[in-house]
Amino acid sequence: MCLLRGTAILTSKGETVIEDLRMGDLVKTVRGELLPVIWMGRHVYRRTSPTWNDSVVPIRIRRFALDKQTPRKDLYLSSGHALYVDGVFIRPKDLINGTSVAPALPGKLDVLEFYHIVLATHEAVLAEGAPVETFLVEGSNYEEFTNGAEYARLYPAGEHSSMKPFAKTVGYGGREHLNALMRLATRQLVRPRSPLEDVYIRVVTRSAELAL
C-alpha cells in the first residue's frame with residue numbers, strides 16, 4: 001500500500017515529492033492539521049523480465065478522474081492504497097474501470113519505488129490534491145517494507161504498534177462490483193447503493209465525461 005516515486009504531497013511548505021519527505025516534516029491532513037512524519041516506508045522492485053509482474057504495477061488515477069479538480073495530475077498508487085472519498089476509504093482496485101482508473105506505468109521503468117507516509121496516527125493526506133491514507137501500523141506489518149528494520153530500531157518495544165483506523169474501509173468480493181456495473185447500465189436501482197457503488201458509478205460517469 002504505497003505511492004509511486006514522484007507523487008506530490010501537501011506539506012507545511014507547499015508540495016513536496018514523496019521521496020524527499022523526511023522525519024519531522026509536517027504534512028497537511030484532510031482535517032486541516034499539520035502532523036510530523038515519524039517514518040517513511042519504502043518498497044523497491046526491479047524488473048527482471050521483459051514485462052512487469054501485474055502484482056507490482058501501480059493503479060493510475062487519471063487527472064480529474066474523481067471530480068473536476070481531483071487529482072490535479074495523474075496519481076499512481078498501489079492497488080491497496082486507499083483513497084478517502086465520502087467519509088470512507090476505498091482501494092483503487094475497487095474503482096478500476098479500464099480508462100480513468102486502470103493499471104499503468106508513467107513511462108518505461110526498470111525500477112519501481114513506492115513510498116508510504118507514517119504519522120503517529122492513521123490519517124488522510126493530500127497526494128496530487130487527492131485524499132489518500134497514511135500507513136496504518138498494525139503489529140509488525142511495517143516489516144513488509146524494504147526498510148522495515150529501520151522502523152523497529154526507531155520504535156522498539158511496540159511503540160506506535162497499534163493505530164486506530166481513521167475511517168472505515170469499504171470493498172467488495174466481486175459481486176458488488178458486478179451489481180454496480182449492471183445498475184449503471186440499466187439504471188435499475190433495486191436497492192440502496194453502498195458508498196463504494198456510489199463512488200464507482202460517479203467515477204465511471206466522470207470517465208465518460210473526460211472522453212468527450
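**A quick tour of the fold**

The model you are looking at is predicted. Its chain holds 3 helices and 15 strands, and buried residues account for 44% of its 212 residues.

- Strands β2 (residues 8–11) and β3 (residues 14–17) run antiparallel and are joined by 4 bridges.
- The link from β2 to β3 is a hairpin of 2 residues.
- Between β3 and β4 (26–28) comes a loop, and E19 lies in it.
- Is E19 buried or exposed? With a relative accessible area of 15%, E19 counts as buried, because the cut-off for buried is under 20%.
- Not counting residues up to four places away in sequence, E19 touches R5, G6 and Y115.

**Strand β12 and its partners**

- Strand β12 (residues 111–118) has 7 of its 8 residues buried, so the rest of the structure largely encloses it.
- Strand β1 (residues 3–4) runs antiparallel to β12, with 2 bridges between them; here L4 has F114 as its bridge partner.
- Strand β6 (residues 39–46) also runs antiparallel to β12, and 8 bridges join the two.

**A closer look at F114**

- F114 belongs to strand β12 and is buried, with a relative accessible area of 4%.
- Which residues does F114 contact, leaving aside its neighbours within four places in sequence? They are C2, L3, L4, G41, R42, H43, Y45, V56, P58 and S78.
- F114 and F145 are 31 residues apart in sequence, and their C-alpha atoms are 9.6 Å apart in space.

**The nonpolar cores**

- In soluble globular proteins, nonpolar side chains tend to be buried together.
- The largest nonpolar core of this model has 33 residues, and I61, L75, L83 and I117 have the most contacts inside it.
- At least two residues of this core come from each of β7 (59–61), β8 (75–77), β9 (83–85), β10 (88–90), β12, β13 (124–127), β14 (130–133) and α3.
- Which element gives the most to this core? Helix α3 does, with 5 residues.
- Another core lies apart from this one; it has 20 residues, among them C2, W39, Y142 and F145.
- As for L75, leaving aside neighbours within four places in sequence, its contacts are L3, T7, I59, R60, I61, L83, A127, E128, A130 and V132.

**Helix α3**

- Helix α3 (residues 195–211) has 17 residues, and from its first C-alpha to its last it reaches 25 Å, close to the 24 Å expected at 1.5 Å a residue.
- The buried residues of α3 are L196, E197, V199, Y200, I201, V203, V204, R206 and S207.
- As background for reading that list, an α-helix has 3.6 residues a turn, so residues three or four places apart point the same way.

**The chain as a whole**

- Of the contacts between residues at least 6 apart in sequence, 63% join residues at least 24 apart.
- The chain exposes about 10,900 Å², and carbon and sulfur atoms supply 51% of that area.

Notes:
Residues are numbered from 1 along each chain as its sequence is written. This is a predicted model: local features need pLDDT of at least 70, side-chain atom pairs count only at pLDDT 80 or more; totals for chains, interfaces and linings use all residues. Side-chain values use heavy atoms; hydrogens and water are left out. The expected span of a helix is 1.5 Å times one less than its number of residues. Buried means under 20% relative accessible area, exposed over 50%, partly exposed in between (1.4 Å probe, protein chains only). Two strands pair if DSSP finds at least two bridges between them. Contact means heavy atoms within 4.5 Å. Accessible areas come from the Shrake-Rupley method with a 1.4 Å probe; for residues, only the protein chains shown count as cover. A nonpolar core is a set of buried Ala, Val, Leu, Ile, Met, Phe, Trp, Tyr and Cys residues joined through side-chain atoms within 4.5 Å.
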